[in-house]
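Biologist: I would like to learn how to read a few features of a protein model, and I would be glad if you took them slowly.

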Amino acid sequence: MVISDQHKYIFIAVPKTGTTSISSFLLKNDPTAVKNLIRVGIKNYKVQEHITALELRKMLGNKFDEYTSFGFVRYPYSKILSSYFFYSEGRAAKKVHAGKQTFYIKLKVLFAKMLPFSLWALLYPYNSCRGFLVDKDGKLLVNYIGYFENLEKDFSNIVGRLGFDSGLERLSHLNWTSHDEFDSYMRNGILKRILARKVRSDLTLFYRLGVTAEVKPGSF
């Protein structure tokens with residue numbers, strides 16, 4: 001989560017949607033931006049990096065509506081695959097190897113390393129993008145939604161609306177993992193149908209079924 005009290009915006013960091021790149025850009029190009037810290041009254045509160053919009057709304061109250069809020073979503077099958085490689089051989093695995101992770105993360109890394117993707121995906125508790133961006137009734141709380149599949153273009157549109165200089169450098173790609181497309185890992189139709197139930201809320205709210213990067217009307 002990145003917030004600027006001066007420029008009045010909040011970035012909701014949905015996991016596995018380019019959050020490291022976006023946060024780094026905002027912190028580098030906006031000296032008023034802070035990460036994972038909010039001010040309520042006269043007190044500052046440290047918050048989780050992946051705090052939800054609803055949790056922030058509860059902490060900030062009506063003040064939340066004074067900010068322009070935005071977050072990114074990702075095609076859920078791609079998000080699952082990215083999570084698998086994040087734990088099996090990506091940044092989490094590398095930090096565990098270097099002795100820089102918690103016991104809980106070590107278990108997640110071990111779990112991903114021991115299991116093939118198909119079995120891991122069945123057991124993986126999918127963390128929807130939707131859950132980070134809606135209220136308890138399922139209504140969107142953020143002003144703008146960007147799509148990971150259109151990351152640079154959508155982010156450029158958003159920062160333009162926030163008043164950033166259009167001549168700023170392009171968004172850097174940080175902490176990305178390299179792997180084949182999802183379909184090469186998903187040859188089992190039964191598995192894909194089971195996963196479809198897990199990710200239905202994201203598909204129906206942000207994407208048309210079976211279509212990648214379908215931009216939600218009115219997002220910008």
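Predicted model: local features only at pLDDT ≥ 70, side-chain atom pairs only at ≥ 80, totals over all residues.

Biologist: Where does aspartate 30 lie?

Modeller: Helices (H or I, at least four residues) and strands (E, at least two) are DSSP runs, numbered from the N terminus. Aspartate 30 sits in the loop between helix H1 (19–29) and strand E3 (33–35).

Biologist: Is aspartate 30 buried or exposed?

Modeller: Buried means under 20% relative accessible area, exposed over 50%, and partly exposed in between (1.4 Å probe, protein chains only). Aspartate 30 is buried, whereas lysine 8 counts as partly exposed because its relative accessibility is 29%.

Biologist: Which residues does aspartate 30 touch?

Modeller: Contact means heavy atoms within 4.5 Å. Leaving aside residues up to four places away in sequence, aspartate 30 touches Ser4, His7, Tyr9 and Phe164.

Biologist: How are two packed helices described?

Modeller: Two packed helices are described by the angle between their axes and the distance between the axes. Axes are lines fitted to C-alpha atoms, for helices over the stretch in contact, with angles running from 0 to 180 degrees between N-to-C directions. Here the axes of H1 and helix H8 (residues 151–161) come within 12 Å and cross at roughly 35°, and Ile22, Phe25 and Leu26 in H1 meet Leu151, Phe155 and Val159 in H8.

Definitions and conventions
Residues numbered from 1 in each chain as written. Heavy atoms only, no water. Lys, Arg positive; Asp, Glu negative; His and termini not counted. Salt bridge = Lys/Arg side-chain N within 4 Å of Asp/Glu carboxyl O.
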